[in-house]
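Student: I would like to go through this structure and ask, for each description, what it rests on. Could we take the terms one at a time?

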Amino acid sequence: MADDAPDPARLLKLARQALTSAEYRRKFHAADFWGPAEFYDPQLRFFAAGIKHHQRLIRGGNQVGKSWAAAFELGLHLSGAYPRWWQGRKLNKPIRAWVVGVTGQLVRDGPQRQLTAKQGEFGSGALPLSAFSGRPTMVPGGTGSIDTLNVVHETDGNHDGISSCTFKSFEQGSDKLQSESVDVVWIDERCSEEIYSELIARTSATDGIIFLSYTPLKGGGNLTYRFLNEFSSDRADIRIEATDAKHISAERRAQLEESYLPHEREARIHGIPQLGIARVFPFPIESLLRPVNPDTDIKSWARYIVGIDFGYGHPFAAALCAWVPEPEDFFRHRRFQDRARRGLRPYQAYSGPMPRAAHSDRMAARRTAT
Ligand SMILES: Nc1ncnc2c1ncn2[C@@H]1O[C@H](COP(=O)(O)OP(=O)(O)OP(=O)(O)O)[C@@H](O)[C@H]1O
Ligand SMILES: [Mg+2]
């Protein structure tokens with residue numbers, strides 16, 4: 001047992017000696033003070049969506065309460081001590097849970113803290129101090145990162161076993177996320193589709209729960225795209241609007257808005273993915289592609305379109321496309337991508353003729369005419 005492992009039994013004894021019962025409850029049963037009046041409407045909808053959906057995303061700007069909602073729910077599944085007002089899913093047996101984030105350090109400072117030490121001291125998070133069963137197993141190295149913690153589980157007030165919660169990170173690689181069956185997975189950051197598929201597979205045998213909490217920066221990635229655009233009765237997407245997060249005043253929100261880069265504001269304040277970075281089509285683009293002979297395939301009635309991406313934060317690119325309305329076909333005829341440089345470049349650099357359409361006289365003729 002690593003030396004930095006907190007000893008819940010000892011801490012419990014000390015807390016009971018030093019604090020009045022009201023102080024003790026405030027600090028070490030903090031979750032009891034959260035109910036429908038304290039949680040924001042989207043947080044309550046996130047809980048309730050667990051009844052119908054195995055997969056849930058809670059997204060929003062920074063600091064709006066995404067992780068706290070997720071930590072609170074996970075704490076209930078681990079202990080089984082669902083409050084009477086709880087409208088979400090209930091798991092009536094001890095569970096095995098995984099909490100996954102980007103790095104070990106981020107997991108320690110984020111979800112681990114919310115679950116175990118929200119107010120600083122061990123036991124002051126979503127899990128009450130009295131719920132811990134034994135000392136947690138720590139990650140070697142004295143960093144204060146917990147590997148696994150155990151929680152006494154009760155069903156309808158009767159002790160019926162021990163739940164476990166293991167903390168993991170994407171940096172450990174997907175092979176560390178394989179093999180076990182897990183009842184609840186909480187992913188506290190955007191992850192790749194590959195990792196997500198692996199984590200879904202962990203919960204499939206248990207009819208388990210998987211939820212994600214994050215701010216969809218950089219377009220939110222393909223997974224966000226799927227939650228937002230691909231209908232699945234198994235998935236729910238819940239957004240905490242900036243105005244829902246009452247603990248951030250309008251003045252503070254305005255200050256924050258000023259301090260974020262313009263293209264990040266929508267995501268960082270409102271939790272809306274930044275457009276233009278995530279995947280556009282909900283299927284592999286390769287499935288649309290086939291070899292083309294421009295001389296025979298591009299019909300004389302084709303309409304030509306020049307598409308330009310000026311490259312804000314990524315390379316400039318342009319494409320000359322042909323659209324044949326009848327029968328409907330779309331060709332990317334010529335393209336140009338400036339792989340070497342990023343960002344907007346002077347307009348003059350691209351104001352010359354479009355790349356020559358060497359394969360098609362028809363196209364050249366049309367270009368001259370327009
Ligand atoms: N319903 C609520 N009422 C008041 N405060 C709340 C509520 N929900 C969360 N908070 C508080 O807001 C703060 C930020 O919460 P949390 O860490 O969950 O935000 P987050 O959206 O995950 O932030 P980040 O973008 O940094 O990951 C915490 O101090 C938390 O206690
Ligand atoms: Mg968070």
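Tutor: Let us begin with pairing, bearing in mind that this is a predicted model: two strands pair if DSSP finds at least two bridges between them. Within that scheme, Arg 56 stands opposite Phe 211 in S7.

Student: How do you know that S1 and S7 pair?

Tutor: Five bridges join S1 to S7, which run parallel, and the criterion asks for at least two bridges, so the two strands count as paired. S6 and S7, which also run parallel, are joined by four bridges, and there the bridge partner of Val 184 is Ile 209 in S7.

Student: What makes S3 and S8 edge strands?

Tutor: The open sheet has eight strands in the order S3-S4-S5-S2-S6-S7-S1-S8, with mixed pairing. Strand S3 (137-138) and strand S8 (235-240) each pair on one side only, and that makes them the edge strands. Helix H3 (residues 41-49) packs on this sheet, where it touches strand S1 (55-60) and S8, and the direction of H3 makes about 170° with that of S8.

Student: Which strands does helix H5 lie across?

Tutor: Helix H5 (residues 104-116) lies across S2, strand S4 (146-155), strand S5 (158-169) and S6, and runs at about 120° to S2. S2 is itself joined to S6 by four bridges, the two strands running parallel, and Trp 98 has Val 185 in S6 as its bridge partner.

Student: Why is S7 called mostly covered?

Tutor: Six of the six residues of S7 are buried, where buried requires 20 or more other C-beta atoms within 10 Å. Ile 209, Phe 211 and Ser 213 point one way from S7, Ile 210, Leu 212 and Tyr 214 point the other way, and all are buried. In a regular strand the side chains alternate between the two faces of the sheet.

Student: Why is His 159 called exposed?

Tutor: His 159, whose place is in strand S5, has 11 C-beta neighbours inside 10 Å and therefore counts as exposed, the limit being 12 or fewer. Leaving aside neighbours within four places in sequence, His 159 is in contact with Val 152 and Glu 154. His 159 and Pro 94 are 65 residues apart in sequence, yet their C-alpha atoms are 9.5 Å apart in space.

Student: What puts the buried residues of H6 on the same side?

Tutor: Tyr 196, Leu 199 and Arg 202 are buried in H6. They cover an arc of only 115° around the axis, which puts them on the same side of H6. On the other side of H6, Glu 194, Ser 197 and Ser 204 are exposed. What covers the buried residues of H6 includes strand S2 (96-101), strand S6 (184-187), strand S7 (209-214) and helix H7 (221-229).

Student: Which residues touch the most other members of the largest nonpolar core?

Tutor: Among the 60 residues in that core, Leu 74, Ala 97 and Val 185 touch the most other members. Helix H4 (residues 66-79) gives the most to this core, with seven residues. Not counting residues up to four places away in sequence, the residues that Ala 97 touches include Leu 74, Leu 78, Cys 165 and Val 182.

How values were computed: Residues numbered from 1 in each chain as written. Chains lettered and ligands numbered in written order. Predicted model: local features only at pLDDT ≥ 70, side-chain atom pairs only at ≥ 80, totals over all residues. Arc of directions from axis to C-beta. Contact = placed C-beta atoms within 7 Å. Axes fitted to C-alpha atoms, helices over the stretch in contact; angles between N-to-C directions. Core = buried A, V, L, I, M, F, W, Y, C linked by C-beta atoms within 7 Å.
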